Amino acid sequence: MMRTLLATVLTFCVMVSCKTNGSETKRIEECDLFQIGNYKFYNPRVYEHPVIFEKGAHDLLNKDFTPLWYAGYCAENLPNYFNSKEAYIQHIHSAKIKKMGLAYYESFYEANKNNERGKPGIIHDKYHLLFRGTVSVKNLNSKREYLLVAGKNYIETVEDFDKNTEFYEPKVENMYVFLLEDGVYKQVDDDYVLGTFDKTQHDKVFDILNVETLVNSVCFESINTLNKTNFNSESLPRWVYNKSELIQ
């Protein structure tokens with residue numbers, strides 16, 4: 001049943017793989033999902049192996065793969081990631097700089113550039129943060145482009161990434177929103193995309209990366225996060241198989 005369903009999915013999907021250097025690259029072909037008002041949702045991308053942070057930290061556990069959105073995430077949570085104040089400022093949204101002033105962010109960087117732990121609150125000492133994939137969004141009026149990152153979820157041990165943990169429950173309850181500005185993704189409030197949506201529209205967005213939705217989607221792209229030589233971009237990740245077997 002799963003193989004038949006997966007074959008149907010793949011018939012309609014155009015996929016590309018990542019570069020061998022481990023950096024995530026932009027997709028060439030667009031795969032449209034749906035449109036809400038002026039916002040087009042497209043290109044669902046699922047990580048072959050979820051992006052996992054070190055336990056109790058914002059640092060990537062797998063240093064060989066860096067998601068497109070990670071630098072923007074670090075600008076908000078881990079200024080120590082950047083080698084210079086200029087690089088840090090480049091990843092702060094212009095609207096935030098306009099509101100708070102450039103001096104505020106320059107001072108914030110200087111005060112935190114040696115703080116290897118980063119911003120508290122999101123991370124927990126006993127758990128790894130974990131992220132499962134992304135969806136692209138475009139405002140057809142303003143032409144602004146966004147990236148929705150599905151997460152955050154927590155696992156106690158790395159091995160739990162492929163088990164029936166909270167992360168693999170069908171419902172996605174958290175997303176980060178990143179705006180493409182000056183060629184880089186910068187973290188912004190989710191109101192930039194979801195602010196005018198009603199509950200039904202809001203739920204439809206959060207449903208994009210649910211496991212059941214992925215299995216039945218007309219298109220998706222599997223991203224090689226481990227650079228395995230036998231990686232098959234035309235297959236759903238193993239964790240999708242495992243969880244989908246539990247969905248009746």
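Glutamine 187 counts as buried because its relative accessibility is 13%, under the 20% cut-off for that class. The model described here is predicted.

Glutamine 187 belongs to strand β7, which runs over residues 184-188. Leaving aside residues up to four places away in sequence, glutamine 187 touches Gly72, Tyr73, Glu76, Asn77, His93, Lys96, Tyr176, Val177 and Phe178. Tyrosine 146 lies 41 residues from glutamine 187 along the chain, and the C-alpha atoms of the two are separated by 9.5 Å.

How many of the residues of β7 are buried? Five of its five residues are, so the strand is described as mostly covered, with buried meaning under 20% relative accessible area. In a regular strand the side chains alternate between the two faces of the sheet. In β7, Val184, Lys186 and Val188 are on one side, while Tyr185 and Gln187 are on the other. Both faces of β7 are covered, as these residues are all buried.

The partner of β7 is strand β6, residues 175-181, and the two pair in the antiparallel sense over five bridges. Phenylalanine 178 stands opposite glutamine 187 of β7. Phe178 is also one of the residues that glutamine 187 touches. The hairpin of β6 and β7 has two residues between the strands, and aspartate 182 there takes a positive phi near 55 degrees.

Another hairpin is formed by β1 and β2, with two residues between the strands. Strand β1 covers residues 32-36 and strand β2 covers residues 39-52; they pair in the antiparallel sense over four bridges. The bridge partner of phenylalanine 34 is phenylalanine 41 in β2. In this hairpin, glycine 37 has a positive phi near 60 degrees.

| Strands | Bridges | Residue with positive phi |
|---|---|---|
| β6 and β7 | five bridges, antiparallel | aspartate 182, near 55 degrees |
| β1 and β2 | four bridges, antiparallel | glycine 37, near 60 degrees |

The remaining element is a helix. Which residues of helix α5 are buried? In α5, residues 102-112, they are Tyr105, Tyr109 and Asn112. These residues lie on the same side of α5 because they cover an arc of only 85 degrees around the axis. The buried residues of α5 pack against α3 (85-89) and α4 (94-100). On the face of α5 turned away from its buried side are the exposed residues Ala103 and Ala111.

Definitions and conventions: Residues are numbered from 1 along each chain as its sequence is written. This is a predicted model: local features need pLDDT of at least 70, side-chain atom pairs count only at pLDDT 80 or more; totals for chains, interfaces and linings use all residues. Side-chain values use heavy atoms; hydrogens and water are left out. Buried means under 20% relative accessible area, exposed over 50%, partly exposed in between (1.4 Å probe, protein chains only). The arc is that of the directions from the helix axis to the C-beta atoms. Contact means heavy atoms within 4.5 Å. Two strands pair if DSSP finds at least two bridges between them.
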